Amino acid sequence: MHTPHMNWLTFLRIYLRSFLLQSSWNFEKLQNLGFYYTILPGLRNIYGENVPEDVRERHMGYFNTHPYFATLVAGTTLRLEEGSCAGEESPIDAETYKNMVMAPFAAMGDALFWGGVRPLAALIGLLIASQGSLWAPVLFLLIFNILHMFFRGSGLMLGYVQELRAIETVQKCRLPDLAIRLKESTTILIGVLCAYLSFKGCEHQELPAVWGFVILPVVLLFAWLAHKGVSSLFLVLLTTSSLLLLALMF
Amino acid sequence: MVAVDYLLAGMVSVLTGLDRVAFVQVMISRPLVAGPLTGWALGNPLVGLEIGMLLELLWLGRLPVGAAIPPDDTQVAVGATILSAGTGHFAGLDGMPLLLLSVLIAIPLGKFGQVFDKLARHVNDRLAISGYNALMSGNTAKMERCHLLGLVSFGLASLTTVMVVVLIGTFVLFSVAPFLIGAVQEAGLSLQYSLILVGAAVLLGTTNVNRGISLFCTAFIGTLLVLWLR
């Protein structure tokens, strides 16, 4: 295996450019332009100013993965390009690798970040915001972005240093299991938030707290409706119109 | 509210709008952050925080996966905050009723955000083709320009959405406020809590977890008992 020779400045450029991965997101080839834009400093490092036409062509095809996993793909892709440029034999080329991992990484990222970390951080933020504290958005951003920034940075390094073995390392991290744990924690926090709001509502209406339990079946019913595909907008309209009608009648 | 305030709010709208897809994605686009940021630009961050709380959970379960475009809750939060901290006062409204009316009016207008976002992505289709052609002809700088121009289409989509929310919202606010303000005042806190509870229910319904209902019910009953008996 050849000696890697990408310097830290190139890594920094790729890392910063990855924040612009989706700037030209389009229906045709999704993140294709963004991915090329992200890895361009690395390609220049390997091939010089004039990147060969076949290399340009293969990195401008359809590409779509989770934006936070893109650096991991970029790291391995560049290492494979380096090997290919040095005439090294590899079981797969950079293009095949990209096509192979983008969908599984997208699914992993969606479940972990959009389905796990984000709702959990949002609920923690909401519980703090319900006390009227302006620290809530700050804390939400901190919780979410510590993991996000770490993931982008370490993904790039991991992909470059470990090349194809990075896939095994990601598998060993058992990220889908972590996503499930985070979703379970989110579900618990939803329960805590709903109970807290029910309690405050009873306090405000000067009702005994036991009346708060009435909210439980209502929330479950709405959750079931949402699960069946009823839109949030419809549920908001239904709740609002019912409450306003009650207010007008009594 | 003076022109500078509107300008600042417009900048917040573009910045938070870009964060949704096109730039960085550090989640300043979430209503819980975009609301207070807009409120801060208009001199009242607490109004933005209240609005962010009401909107945060509503579409949180709608994942921005692939080509799926959820309603623009960012611009709904920014627009509702502008209505509540700014234009609404011209209708002689104030406080919690104004805040609730602003949110209720802005929520359906979030659908416009989907339309403008889709348009921006179609504009980017052309940019992607131009970028590809430029790169294949050896003009890397033009390819980079094409890519970065995508930020303009996403930024314009955000700005247009918030303008629609504020303009239509102001018109609706002036039209319906005299009829609804009494009922909104009466429903007050119940309406506020209900919106968050609807969001929580939607999130619960869209989070696919085994034993989810048991976990939720245990947490709910346990917390309520602790609060009740303490």
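**Ground rules.** I am working on a predicted model, where local features need pLDDT of at least 70, side-chain atom pairs count only at pLDDT 80 or more, and totals for chains, interfaces and linings use all residues. Residues are numbered from 1 along each chain as its sequence is written, while chains are lettered from A and ligands numbered from 1 in the order in which they are written.

**Helix H6(A).** I took helices as DSSP runs (H or I, at least four residues), numbered from the N terminus. I checked the length of H6(A) next. Its 28 residues should span 40 Å at 1.5 Å a residue, and the end C-alpha atoms are 39 Å apart, which agrees. The expected span is 1.5 Å times one less than the number of residues. H6(A) bends by about 30° at A:Asn145. The bend is the angle between axes fitted to the seven residues ending there and the seven starting there.

I then looked for buried residues (20 or more other C-beta atoms within 10 Å of their own; exposed is 12 or fewer, partly exposed in between; C-beta atoms placed from the backbone). In H6(A) they include A:Phe140, A:Phe144, A:His148, A:Phe151 and A:Arg152. Their cover includes H1, H4, H5 and H7 of chain A, together with helix H2 (31-41) and helix H3 (45-56) of chain B.

**Interface.** I counted contacts (C-beta atoms, placed from the backbone, within 7 Å). 76 residues of chain A are in contact with 76 residues of chain B. H8(A) gives the most to the side of chain A that touches chain B, with 18 residues. By class, that side has 46 nonpolar, 22 polar and eight charged residues. Nonpolar here is Ala, Val, Leu, Ile, Met, Phe, Trp, Tyr, Cys and Pro; charged is Asp, Glu, Lys and Arg; the others, Gly among them, are polar.

B:Ala201 touches A:Val219, A:Phe222, A:Ala223 and A:Ala226, not counting residues up to four places away in sequence.

**A:Thr10.** I found A:Thr10 in helix H1 of chain A. A:Thr10 counts as partly exposed because it has 18 C-beta neighbours inside 10 Å.

Conventions. Two residues are in contact if their C-beta atoms, placed from the backbone, lie within 7 Å. Helices (H or I, at least four residues) and strands (E, at least two) are DSSP runs, numbered from the N terminus.
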